[in-house]
Amino acid sequence: MQEACRIVTKNEEETRLLGIRLAELLEPGDVLALEGDLGAGKTTFAQGIARGLGVEEAVDSPTFTIIKEYHGRLPFYHMDVYRLESSDEDLGWDEFFFGDGVTLVEWAGRIEELLPDHAVRITITVGEADERLITFAPAVERVHRLCRELRRE
Ligand SMILES: Nc1ncnc2c1ncn2[C@@H]1O[C@H](COP(=O)(O)OP(=O)(O)OP(=O)(O)O)[C@@H](O)[C@H]1O
Ligand SMILES: [Mg+2]
């Protein structure tokens, strides 16, 4: 079992920048499954992903709409499933998870059983002051490769 890959960011801008850099490495059909407490920085990271994908529109929290779609180098589907009543609600998940775009899910644990095996698990933990510990789950080689690339100074 490979070790989880961890990156610490010191402020909001660094988290956004991490998203921008990761976005450059993403491919159609990639799913980013984010976990982290309220205010951890999930939407901030999503804003970086959007920027890195070349989305020009401002990305805000999709809480009341659950899914918002943007257009950049690839389509970007930003989901926040915090308020979803039940994961039985069929929002056509597989069209996103196996589609042509990149999907980012905030509060991914709420739809755990619906997430595809290829989802990249990313957990944001609040540290001291403005520090955030961003963990990429181990398991698949691709996630390690992505994380190694991101860690390169
Ligand atoms: N290192 C950091 N990375 C990201 N955000 C940070 C950092 N340090 C401080 N912050 C602050 O934490 C907050 C993160 O808010 P954000 O909306 O991104 O969180 P969230 O995880 O999406 O919350 P929610 O669960 O409500 O959707 C912002 O106010 C941001 O300024
Ligand atoms: Mg959010």
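Trainee: Which residues come nearest to ligand 1?
Mentor: Of the 18 residues around ligand 1, those are Glu12, Thr15, Lys42, Thr44 and Asp130. A residue is near a molecule if one of its heavy atoms lies within 4 Å of it. Keep in mind that this is a predicted model, where local features need pLDDT of at least 70 and side-chain atom pairs count only at pLDDT 80 or more, while totals for chains, interfaces and linings use all residues. As for bookkeeping, residues are numbered from 1 along each chain as its sequence is written, chains are lettered from A and ligands numbered from 1 in the order in which they are written, and side-chain values use heavy atoms, with hydrogens and water left out.

Trainee: Which helix gives the most to the shell around ligand 1?
Mentor: That's H2, with three residues. Both H1 and H2 (42-52) supply at least two. Helices here are DSSP runs of H or I with at least four residues, strands are E runs of at least two, and the numbering starts from the N terminus.

Trainee: What makes H2 largely enclosed by the rest of the structure?
Mentor: Nine of its eleven residues are buried, so the description holds. Buried means under 20% relative accessible area, exposed over 50%, and partly exposed in between, using a 1.4 Å probe and protein chains only. Among the buried ones are Lys42, Thr43 and Thr44. The buried residues of H2 pack against H1, strand S2 (31-35), strand S4 (75-80), S5 and S6.

Trainee: How do you know that the buried residues of H4 line one face?
Mentor: In H4 (residues 141-151), the buried ones are Val143, His144, Leu146, Cys147 and Leu150. Seen down the axis of H4, they fall within an arc of 160°, so they line one face of the helix. The arc is that of the directions from the helix axis to the C-beta atoms. Their cover includes S1 (5-9), H1 (12-23), S6 (120-126) and S7 (132-136).

Trainee: Why is Thr103 called buried?
Mentor: Because its relative accessible area is 0%, which is under the 20% limit. Thr103 lies in strand S5 (residues 102-106), and its side chain reaches the backbone oxygen of Phe96 at 3.3 Å. Leaving out residues up to four places away in sequence, Thr103 touches Asp30, Val31, Leu32, Tyr77, Met79, Phe96 and Phe97. Touching, or contact, means heavy atoms within 4.5 Å.

Trainee: And why does Thr125 count as partly exposed?
Mentor: Thr125 has 38% relative accessibility, so it sits between the 20% and 50% limits. Thr125 is in strand S6. Thr125 and Glu35 are 90 residues apart in sequence and 8.6 Å apart in space, C-alpha to C-alpha.

Trainee: What makes the phi of Trp107 worth a look?
Mentor: Most residues other than glycine have a negative phi. Trp107 has a positive one, near 60°, and is not a glycine. Trp107 lies in the loop between S5 and S6.

Trainee: Is Trp107 buried or exposed?
Mentor: Buried, because 13% relative accessible area is under 20%. Ala129 also has a positive phi, about 50°, without being a glycine. Ala129 is in the loop between S6 and S7. At 73% relative accessibility, Ala129 is over the 50% limit, so Ala129 counts as exposed.

Note on methods: Polar contact = N/O pair within 3.5 Å; in protein donor to acceptor, adjacent residues only side chain to side chain.
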